[in-house]
Amino acid sequence: MSGELKDKVSIIGVGCSRFGDLLATPELVGLSLQELAAGAVQEAMEDAGVDASEIGAVYVGNAMAHSSQLPGTYSQLSKWIGMQFKAGVHFEAQCSTTNVGAAMAAMAIASGVYDKVLVVGFESTLTKPKELSPYERERISSEQSWMWTDYAVNQAYSVPQGYDIFSVYNGLVAQGYCRKYGYSIEEFDHAMFELCRTRRLHGSMNPKAAVQETLEDEAKRLGYDDPYEFWTSKQNPFVAWPSRIRSLVTACDGASAMVLSRADTANNAPNAPVQLRGFGISQGDLPWYAKDPTLWPSDRIAFQEAYAMSGIQPEDVDYLHCHDCSHISSICAAEQSGYLPAGQGLSYAEQGRLRYDGDRPMSTHGGRHAFGHAWAASAGSDTYEAVKQMRSAAGKRQIHPAPRVSMIHTHGYAMISTVLVLERG
Amino acid sequence: MPESIIKRYYDELGQGKLSARKCNKCGAYTFPPTTACEHCGSFDQQWEELSGKGSLLFVSHGIAPPPNPRFDEMAPYAYGHIILEEGVTVEAIVKDVEPTPENLQALFESAPLDVEADPVNVKGLNVLAFKIV
């Protein structure tokens, strides 16, 4: 195994819908999934300055067929995204889908088979077709959505015996972190409050985020002058002690897309291309960690492979996104990447150093809590944000100076650790 | 007729047994059992029963109502991170713990705690669970 891309590959175009609710969010209400995906594709194609004739293959990702009810997704979508008669495939790596798609595209391009590949991901976690209607959708309950989502988790032993993502991904990891590094539960709770404030601040500056209200404004709206009093109130209950609901994912509907190209023709693109320097992918079935819940073997391997393929070191990374369905797990992953020092992630969060204007910015789009999470589309939304940041096109939440090297880590249920390394040309 | 490893695991759990596979190549346990060794990938394994005794490191809880309707009547329940005597990591239901913040804080402060397997039948399926001893 060479562990390298034989040819240079760039991301030349990115697209992303607003994340939200197909039944309530103004930009999304009334859209079919075909139209939702097409919007992200159109944005990516225009961003790349290419037309359909230049695309060699299409990789379409959708994780939860129970809500989309669109198996054969790649062919069902082809007319809607202008890609009839192209080679392609429907694939999924759950919440790592779109970035695994980027890695697949990079391999196809570096091998010389295609010059340009389109990657698409879309998901509805909140709705499903209403009574077989081609255009009407209806609400699904949170439990139903999680049951379908959990079909991606060990169905032989874990789910049948009471597995629950909230304890395994949040509460147990939080306790492991506190025990290992000597944090009290109260200190942990306050750091999680500050981390949520940061994520919500980022969301408030992002017109595509699902949640654009700061934590402070939400507290005021619900009658609390002191946002920390709100944080510790019954309005913000423990979902898996000591993790509260606002340290967790906001399930959404959404779509993302990206166009990848041979790097030697990428300079024709109207917007600055970003080189995909390398990637790492590793999968670990439950339990995701052994004695120490802060160290995940699949993350360690994915980061190692991404560093090795890209030839960079942790100190080269200017911007990091770690999958933050669970805020404490994202801190553990960031520490494992070397972006944050081991045991200091909570302190960095407490001090605001993970903000867009801090010295270790993370998840500037708002992350899974504020930007929201639409399973197969989310990794693409993280890449979208990194590309915008690297092009100095992130608006009010722009990092200064713009990152030269970005690293994007995602967890695809359960658990596909995926890391991309991007570099500005 | 071929024997399903999954069925055998659940059947034997009903007899109070924790049935694992031990690898004849690397010597490591795979628990719960699968067709290949989870450590080295070898298919050359043999059955072995684990002691069911271990150490509870952390305990949290899940949501209610739960995603899996099998647990409708139990949720929210305590769910723990356990290392068995044989070195195997297990995450499972912890019985007889009401998952209030106060109780979980007390367990966090007193862990690690000795536990032993005490499987429970939930709507017709034998499910691994532990009790603090």
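Reader: Where does Asp96(B) sit?
Author: Asp96(B) is in the loop between β6 and α2 of chain B. Helices here are DSSP runs of H or I with at least four residues, strands are E runs of at least two, and both are numbered from the N terminus. The model is predicted, so local features need pLDDT of at least 70 and side-chain atom pairs count only at pLDDT 80 or more, while totals for chains, interfaces and linings use all residues. Residues count from 1 along each chain as its sequence is written, and chains are lettered from A and ligands numbered from 1 in the order in which they are written.

Reader: What's phi for Asp96(B)?
Author: Near 60°, a positive value in a residue other than glycine. Most residues other than glycine have a negative phi, and most peptide bonds are trans.

Reader: Speaking of peptide bonds, which one in chain B is cis, the one joining what to what?
Author: The bond joining Ala64(B) and Pro65(B) is cis, with omega about -5°. Pro65(B) lies in the loop between β4 and β5 of chain B.

Reader: And over in chain A, what's omega from Trp241(A) to Pro242(A)?
Author: Omega is near 5° there, and that bond is cis. Pro242(A) falls in the loop between β7 (238–240) and β8 (243–244) of chain A.

Reader: OK, zoom out. How many helices and strands in chain B?
Author: Two helices and 10 strands. Along the sequence the pattern goes α-β-β-β-β-β-β-α-β-β-β-β. The radius of gyration of chain B is 16 Å, close to the 14 Å that the globule rule gives for 133 residues, so chain B is as compact as a globular protein of that length. That radius is taken over C-alpha atoms, and the rule is 2.2 Å times the number of residues to the power 0.38.

Reader: How is chain B split into domains?
Author: Domain 1 covers 1–50 and domain 2 covers 51–133, with bounds from an automatic or database domain assignment. Their centres, taken over C-alpha atoms, are 22 Å apart.

Reader: What order do the strands take in the open sheet of chain B?
Author: β2-β1-β3, three strands with antiparallel pairing; two strands pair if DSSP finds at least two bridges between them. β2 (29–30) and β3 (45–50) are at the edges with a single partner strand each, so one side of each has no neighbour in the sheet. Strand β1 (residues 18–23) and β3(B) share six bridges, and Ala20(B) stands opposite Glu48(B) in β3(B).

Reader: And which strands make the closed barrel?
Author: Five of them, running β4-β5-β6-β10-β7 in chain B with mixed pairing. The twist averages 50° from one strand to the next. β5(B) and β6(B) run antiparallel, joined by five bridges, and Ile82(B) has Val90(B) in β6(B) as its bridge partner.

Reader: Which helix of chain A lies across β4, β5 and β6 of chain B?
Author: That's α6 (residues 165–181) of chain A, running at about 110° to β4(B). Axes are lines fitted to C-alpha atoms, for helices over the stretch in contact, with angles from 0 to 180 degrees between N-to-C directions.

Reader: How many residues are in the whole A–B contact?
Author: 28 residues of chain B are in contact with 28 of chain A. Elements giving two or more residues on the chain B side are β4 (53–61), β5 (78–84), β6 (89–94), α2 (101–110) and β9 (125–127). That side has 20 nonpolar, seven polar and one charged residues.

Reader: Last one: at what angle do α4 and α14 of chain A pack?
Author: About 70°, with the axes of α4 (residues 97–110) and α14 (residues 375–390) 5 Å apart. That makes α4(A) roughly perpendicular to α14(A), a label for 65 to 115 degrees; under 35 is roughly parallel, over 145 roughly antiparallel and the rest oblique. Among the residues making the contact are Thr97(A) of α4(A) and Gly380(A) of α14(A).

Note on methods. Contact = placed C-beta atoms within 7 Å. Nonpolar A, V, L, I, M, F, W, Y, C, P; charged D, E, K, R; others polar.
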